[in-house]
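Reader: I am new to this structure and would like to know what stands behind the words used for it. Please show it to me, and then I will ask.

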Amino acid sequence: MLALLALALLFSPTNTLRFTSVTVAAPPSTQKFLISALDLKPCPSIAKLNNRSQKSTKSSDSDESDDSSSPSSAFSRDNVRISFVNAPSSSTTSSTSLPPSPSVVSLSIGGLSFSPPPPPINVYGSTTLTFDDCSATGPLPPLAPGLTFDHIVGNVRSLSSASDRIRSLWPSALPPLSKFASFTAAEVGTPRSGLNSDVLNPEETSVLLPLNEPVDATEKSQVSTFLDYMGEESVQHVAFKVDDVVEEVERMRGEGVEFLDPPPDRYYEKAREVAGGRITDERWEDVMRLGILVDVETSSVGEGMLMQIFTKPFSSGPEGG
């Protein structure tokens, strides 16, 4: 699942650390669809760099589609890089070590001011967090307008266990992890199911690592269903910041991307009251037509507005796949 966000929030990190790339395991047909959905362009230099960093375990004449360990292609757009590894379709993943596809198998953080970088850490399940080597990639350029990683959410069995383990593995040379935000099932759940969530953040950076744990009530929660389907703790969704969420949703719809069903009219009646005059009448028509969510956020540094929307899953499995 992907999320698109247009942010006008008062959050100004002073450290240059940020998400730079993810590696996605998916069959070629899903790779092609994601490349089109996100308007990605080939990035051969990154593909060569990724491939050099992998140890080859197969002979040179082996079938590339059987190699699930090294990125087979890399693409980029604005501030985002995405590499792909070939994976079978969800119906045939039982014979492989990869979780049902598509799935995010690694995340990368760039902006380090020293080299060599810390070794990769296992954040949850088989998902790895790596750190870009600035001596190989060069200094991280300033953020450009356009597509940017905002946050990457992991679904875990136990919030406290996952959080404690990530903290214990977190490199001491990097800013310490703090709890940026926390939500409980009472705040974000329903009478039938819910979740608890903590957002980990290396202090003074834009890196956000939300973790969700299931809270089962009268029905099995969405997080529990996701974990059972994946067979392990895993990335639930990747969220991107965009400059114009209406324009981006229109473009993605034209590429065949489906979004979650829009909320009822009464949601927008309340949202218009909360947002006040921040959105023009013409803009509200687009927001409602496309099913974009609107929230006003208040923090210790001020008030801002968030516009967001979620795609439907990119697999036949539960939401978040």
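Reader: In which sense do S9 and strand S12 pair, and over how many bridges?

Author: The model is a predicted one. In it, S9 and strand S12 (residues 209-216) pair in the parallel sense over two bridges. Two strands count as paired if there are at least two bridges between them, so S9 and S12 meet the cut-off. Glycine 154 stands opposite leucine 211 in S12.

Reader: How many bridges join S9 to strand S13, and how do the two run?

Author: Seven bridges join S9 to strand S13 (residues 234-241), and the two run antiparallel. In S13, alanine 239 is the bridge partner of histidine 151.

Reader: What makes S9 a mostly covered strand?

Author: In strand S9 (residues 148-155), eight of the eight residues are buried. Buried stands for a relative accessible area under 20%. For the protein chain of 321 residues, 46% count as buried.

Reader: Why is threonine 127 called buried?

Author: The relative accessibility of threonine 127 is 1%. The cut-off for buried is under 20%, so threonine 127 counts as buried. Threonine 127 lies in strand S8 (residues 127-131). Leaving out residues up to four places away in sequence, threonine 127 touches Val104, Val105, Ser106, Leu107, Ile121, Asn122, Ser234 and Val235.

Reader: Why is aspartate 39 called partly exposed?

Author: Aspartate 39 has a relative accessibility of 30%. Partly exposed covers what lies between buried, under 20%, and exposed, over 50%, so aspartate 39 belongs there. Aspartate 39 is in the loop between helix H1 (28-37) and S3. Its phi is near 55°, a positive value in a residue other than glycine.

Reader: What is the relative accessible area of glutamate 204, and what is it called for that?

Author: Glutamate 204 has a relative accessible area of 48%. Exposed would need over 50%, and buried under 20%, so glutamate 204 is partly exposed. Glutamate 204 is placed in the loop between strand S11 (193-202) and S12. Glutamate 204 is not a glycine, yet has a positive phi of about 65°.

Reader: What is the order of the strands in the open sheet?

Author: The open sheet has seven strands in the order S3-S4-S5-S2-S6-S8-S7, and the pairing is mixed. Strand S3 (41-42) and strand S7 (121-124) each have a single partner strand, so they stand at the edges, and one side of each is left without a neighbour in the sheet.

Reader: How do you know that S7 and S8 pair, and in which sense?

Author: There are three bridges between S7 and S8, in the antiparallel sense. At least two bridges are needed for a pair, so S7 and S8 qualify. Isoleucine 121 has leucine 129 in S8 as its bridge partner, and tyrosine 124 stands opposite threonine 127 in S8. The hairpin of S7 and S8 has two residues between the strands, and there glycine 125 takes a positive phi near 55°.

Reader: What is found at serine 115 and proline 116?

Author: A cis peptide bond joins serine 115 and proline 116, with omega about 0°. Proline 116 is in the loop between strand S6 (103-110) and S7.

Reader: How do helix H8 and helix H9 pack?

Author: Helix H8 (residues 265-275) and helix H9 (residues 281-290) pack at an angle of about 140°, and their axes are 12 Å apart. The crossing of H8 and H9 is right-handed. Tyr268, Ala271, Arg272 and Ala275 in H8 meet Asp281, Trp284, Val287 and Met288 in H9. By class, six residues of this contact are nonpolar, none polar and two charged.

Key
Residues are numbered from 1 along each chain as its sequence is written. This is a predicted model: local features need pLDDT of at least 70, side-chain atom pairs count only at pLDDT 80 or more; totals for chains, interfaces and linings use all residues. Side-chain values use heavy atoms; hydrogens and water are left out. Helices (H or I, at least four residues) and strands (E, at least two) are DSSP runs, numbered from the N terminus. Buried means under 20% relative accessible area, exposed over 50%, partly exposed in between (1.4 Å probe, protein chains only). Contact means heavy atoms within 4.5 Å. Axes are lines fitted to C-alpha atoms, for helices over the stretch in contact, and angles run from 0 to 180 degrees between N-to-C directions. A crossing is left-handed if the near helix is turned anticlockwise from the far one by less than a right angle, and right-handed if clockwise. Ala, Val, Leu, Ile, Met, Phe, Trp, Tyr, Cys and Pro count as nonpolar, Asp, Glu, Lys and Arg as charged, and the others, Gly among them, as polar.
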